[in-house]
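Subject: Handing over the structure

Hi there,

Here is the structure I promised to pass on. Please open it next to this email, and then read on for what turned up in it.

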Amino acid sequence: MSEMVTTAQGEAGAIGPGRLVLVVGPSGAGKDTLLRLAQAACSDDPDIVFPRRIVTRASSADEDNIAVSPDEFRRAREHGDFAVHWEAHGHSYALPLEINDDIRAGRTIVVNVSRTVIEALRRAYAEVVVVAITAPPDVLAQRLAARARKSDGDIAERLSRSVDDASAQADVTILNAGSADYHSRQLVRVIRNQGWQDELSAR
């Protein structure tokens, strides 16, 4: 797996003053569902941005990503169009470079990323909050089987990855085993920086 964080040429120091909220977690944890509900809840706030990821996979009901071919992705990467890019599960992923302008303008960016880029993003941006969304293994298995997305690959192999891996670098962990509406409200508190340390398990 490879990843790269790109900042503007000659960038001095970490990018701020806006916040970067990174959502991580195993497949089947419900990240896209909670993000979709949180985005709807924050739709009236122009200072909270949910950028669409660029992915070498068709968009679906699970994620409204910008679908590109591997060649298009490579050309955009070589042109410096991405703030960060990584590879996972046979696909390439990226965030658009425009998120840097939003963060410089003081906005909050909320996005689902691979845990492999967390360390680099913490170095590149002034304020990063990592939210791990997890679920018990049996719940993950049920959700992946129900989704049955061909591009997910082998379910057993996906579940063999430790759920704890995503939580290891997290500032807050949401165990998404109950009501999606409830857990999305937890996520919104983190996004809005509304005293979430008091209600969720913070490190």
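Let me begin with the aromatic rings: searching the whole structure gives 2 aromatic pairs. Rings of Phe, Tyr and Trp (for Trp, its six-membered ring) count as a pair if their centres lie within 6.5 Å, and planes under 30 degrees apart make the pair stacked, over 60 edge-to-face and the rest tilted. Phe-73 and Phe-82 form a tilted pair, at 4.8 Å centre to centre and with 40° between the planes. The rings of Trp-86 and Tyr-93 are 5.7 Å apart at their centres with their planes at 0°, so this pair is stacked.

Before going further, a word on what you are looking at. This is a predicted model, in which local features need pLDDT of at least 70 and side-chain atom pairs count only at pLDDT 80 or more, while totals for chains, interfaces and linings use all residues. Residues are numbered from 1 along each chain as its sequence is written, and side-chain values use heavy atoms, with hydrogens and water left out.

Phe-73 and Phe-82 are both buried, where buried means under 20% relative accessible area, exposed means over 50%, and partly exposed is in between (1.4 Å probe, protein chains only). Trp-86 is buried as well, at 2% relative accessibility, and Tyr-93 is buried at 5%.

Now the overall picture. The protein has 8 helices and 11 strands; these are DSSP runs, numbered from the N terminus (helices: H or I, at least four residues; strands: E, at least two). Of its 203 residues, 44% are buried. The protein exposes about 10,000 Å², with carbon and sulfur atoms supplying 48% of that area (Shrake-Rupley method with a 1.4 Å probe; for residues, only the protein chains shown count as cover). Of the contacts between residues at least 6 apart in sequence, 73% join residues at least 24 apart, a contact being heavy atoms within 4.5 Å.

Which strands pair with β7? Strand β6 (residues 82-88) runs antiparallel to β7 and is joined to it by 6 bridges, and β4 pairs with β7 in the antiparallel sense over 2 bridges. For pairing, DSSP must find at least two bridges between the two strands. Glu-87 stands opposite Ser-92 in β7, while Val-55 has Tyr-93 as its bridge partner there. The hairpin of β6 and β7 has 2 residues between the strands, and His-89 takes a positive phi near 55° in it.

The side chain of Thr-56 reaches the backbone nitrogen of Ser-92 at 2.8 Å. Leaving aside neighbours within four places in sequence, Thr-56 is in contact with Val-68, Ser-69, Pro-70, Phe-73, His-91 and Ser-92.

Pro-51 is in the loop between β3 (48-49) and β4, and at a relative accessible area of 16% this proline is buried.

Helix α1 (residues 31-41) has Lys-31, Asp-32, Leu-34, Leu-35 and Ala-38 as its buried residues. Down the axis of α1 they fall within an arc of 160° (taken from the directions from the helix axis to the C-beta atoms), so they line one face of the helix. Their cover includes β2 (15-24), β8 (108-112), β9 (125-134), β10 (172-175) and α8 (180-191).

Two backbone details to finish. The peptide bond from Gly-16 to Pro-17 is cis, with omega near 10°, and Pro-17 is found in strand β2. Asn-193, a residue other than glycine, has a positive phi near 60°; it lies in the loop between α8 and β11 (201-202) and counts as partly exposed at 41% relative accessibility.

Note on methods: Polar contact = N/O pair within 3.5 Å; in protein donor to acceptor, adjacent residues only side chain to side chain.
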